[in-house]
Amino acid sequence: MLDQLQALPADPLLGLITAYNEDTNPDKVDLGVGVYRDESGHTPIMKAIHLAAEKHLQSEDSKTYIAPVGVPGFVSGIKSLVMDGTSALKDNRIAAVQAPGGCGALRVGAELLNRLKDDITLWVSDPTWANHIPLISSAGIKIKTYPYFDPATNAVNYDAMDKQLAELGSNDIVLLHGCCHNPTGADLSFENWQSIAQRANKQGFVPFVDIAYQGLGDGIEEDVKGVRYLSENVDEMLIASSCSKSFGLYRERTGCLMIQNKTVENARAIQTQIQDIARAIYSMSPAYGGYLVDLVLNTPDLRQMWETELAEMATRVKSLREGLVSHIQAAGIDRDFSFITQQKGMFSFLGISKDQVDQMRKDFSIYMAGSSRINVAGLNTNTLEYVANALKSVL
Ligand code: LMR
């Protein structure tokens with residue numbers, strides 16, 4: 001029976017890890033999968049997480065199941081981290097569950113949409129993170145794209161996006177990147193968030209925010225300004241938050257799904273629905289990452305340490321953005337790449353063709369996604385010149 005199924009190609013992003021590891025060129029540069037790296041190319045365990053892990057090891061005395069909601073201090077900590085100051089949080093209108101990573105949170109959210117009687121369409125930005133589409137569509141949700149990134153300006157084309165949003169209705173869900181848009185690095189402005197809130201109210205669509213890089217753009221609070229504005233100005237929304245990048249917990253699969261409801265009664269009903277969905281797919285989320293984040297967020301000295309380290313990571317990525325642009329200029333490339341310094345978070349689109357991406361890999365062992373998305377955090381002061389010269393050569 002099983003021999004009916006054919007082998008599939010490697011995942012476009014995860015396949016890059018294997019290809020890079022197998023490359024023997026000592027000058028190879030990994031700008032592929034989106035993980036934070038330090039100057040030596042290492043993805044470190046954040047200091048606060050390390051201390052939380054030691055603390056947790058000393059205090060954990062059982063491995064029995066946790067509650068269906070997840071680790072309570074984790075769930076309440078993430079709710080505040082993302083939604084602090086909003087009426088929805090104060091009024092207990094947010095249902096939430098811990099989930100296996102941001103992907104798990106997105107998937108439980110998609111399964112919830114699939115339980116609605118309406119014929120739902122979920123709209124994603126063009127382009128969006130490569131895994132959004134398989135992750136959400138395999139829950140049975142129809143997906144369409146709205147215009148987002150304009151390669152001519154390397155920025156958001158909000159007029160085109162708004163034109164599409166103006167045609168949506170109450171069976172539509174709009175997936176938005178809370179900050180640090182993946183893959184383009186081009187973020188919505190605060191005015192754009194205000195306009196989206198107006199549109200959502202007028203057209204009746206519901207926003208679904210994916211926030212996977214809080215703190216890696218302009219700061220922990222600044223990065224959720226748009227999301228909090230939206231929360232304050234619409235009745236309902238879904239939010240998937242990931243701890244992979246902001247807490248460096250990639251492999252621990254730590255995320256949280258939050259659903260903002262009109263009333264506390266609705267929130268109680270939705271709480272039972274999302275727990276039921278989780279139970280039917282994977283029973284309950286892995287607990288470990290949740291315990292660590294709970295300790296970090298709710299222990300003042302660990303929290304301070306985490307905030308400082310996250311800010312240092314964001315600063316490092318910003319300075320790599322500036323470094324890359326100045327090396328590109330120094331290499332004498334006759335094309336304006338200064339947009340890289342205006343973009344946020346770990347990614348930027350170089351805006352080169354698929355053939356040029358392949359050539360960067362074949363001739364220089366520089367790995368990036370086929371779309372020409374680079375993980376800026378994969379650069380370091382020693383590779384900036386090499387990458388800029390390689391770019392000159394393929395251009
Ligand atoms: C990325 O976009 O590279 C990361 O989010 C890793 C992944 O799972 O794709």
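How many nonpolar, polar and charged residues does the lining of the second largest pocket have?

Tutor: The model is predicted, with local features requiring pLDDT of at least 70 and side-chain atom pairs counting only at pLDDT 80 or more, while totals for chains, interfaces and linings use all residues. Residues are numbered from 1 along each chain as its sequence is written, and side-chain values use heavy atoms, with hydrogens and water left out.

The lining of the second largest pocket has 14 nonpolar, 7 polar and 5 charged residues. Here Ala, Val, Leu, Ile, Met, Phe, Trp, Tyr, Cys and Pro count as nonpolar, Asp, Glu, Lys and Arg as charged, and the others, Gly among them, as polar. This pocket has a volume of about 490 Å³ and a lining of 26 residues. Nearest its centre lie Leu116, Val206, Glu236, Met237 and Lys262. On a 1 Å grid over the protein atoms alone, a pocket is an open set of points with protein on both sides within 12 Å along at least five of seven lines, a cavity is a set where a 1.4 Å probe fits but cannot get out, and lining residues have an atom within 4 Å of a point. Grid points are joined across faces, edges and corners, and a volume is the space filled by probe spheres set on the points.

Six elements each supply at least two residues of this lining: the helices H5 (101-114), H8 (190-203) and H10 (264-281), and the strands S7 (172-177), S9 (237-242) and S10 (254-260). The largest share, 3 residues, comes from H10. Helices (H or I, at least four residues) and strands (E, at least two) are DSSP runs, numbered from the N terminus.

Proline 183 lies in the loop between S7 and H8, and a cis peptide bond with omega of about 25 degrees joins asparagine 182 to proline 183. Another cis bond runs from aspartate 126 to proline 127, with omega near 5 degrees; proline 127 is in the loop between strand S3 (121-126) and helix H6 (132-137). In the loop between strand S5 (149-150) and strand S6 (155-156), asparagine 154 has a positive phi, near 55 degrees, although the residue is not glycine.

The largest cavity holds about 50 Å³ of space and is lined by Tyr36, Thr43, Pro44, Met46, Gly248, Tyr250, Glu309 and Met313. That lining has 5 nonpolar, 2 polar and 1 charged residues. The second largest cavity holds about 40 Å³. Its lining consists of Leu81, Ile211, Gln214, Ser241, Ser242, Ser246 and Phe247, of which 3 are nonpolar, 4 polar and none charged.

Helix H2 (residues 47-59) packs against helix H12 (residues 300-330) at about 150 degrees, with axes 8 Å apart. Axes are lines fitted to C-alpha atoms, for helices over the stretch in contact, and angles run from 0 to 180 degrees between N-to-C directions. H2 is therefore roughly antiparallel to H12, since angles over 145 degrees count as roughly antiparallel, under 35 as roughly parallel, 65 to 115 as roughly perpendicular and the rest as oblique.

Leu320, Gly323, Leu324, His327 and Ile328 of H12 meet Leu384, Glu385, Val387, Ala388 and Leu391 of H15. By class, this contact has 7 nonpolar, 2 polar and 1 charged residues.

Helix H15 (residues 384-394) in turn meets helix H14 (residues 354-364), with axes within 10 Å and a crossing angle of roughly 125 degrees. H14 and H15 are therefore oblique to each other, and their crossing is right-handed. Gln356, Gln359, Met360 and Phe364 of H14 meet Tyr386, Val387, Ala390, Leu391, Ser393 and Val394 of H15, a set with 7 nonpolar, 3 polar and no charged residues.

Definitions and conventions. A crossing is left-handed if the near helix is turned anticlockwise from the far one by less than a right angle, and right-handed if clockwise. Contact means heavy atoms within 4.5 Å.
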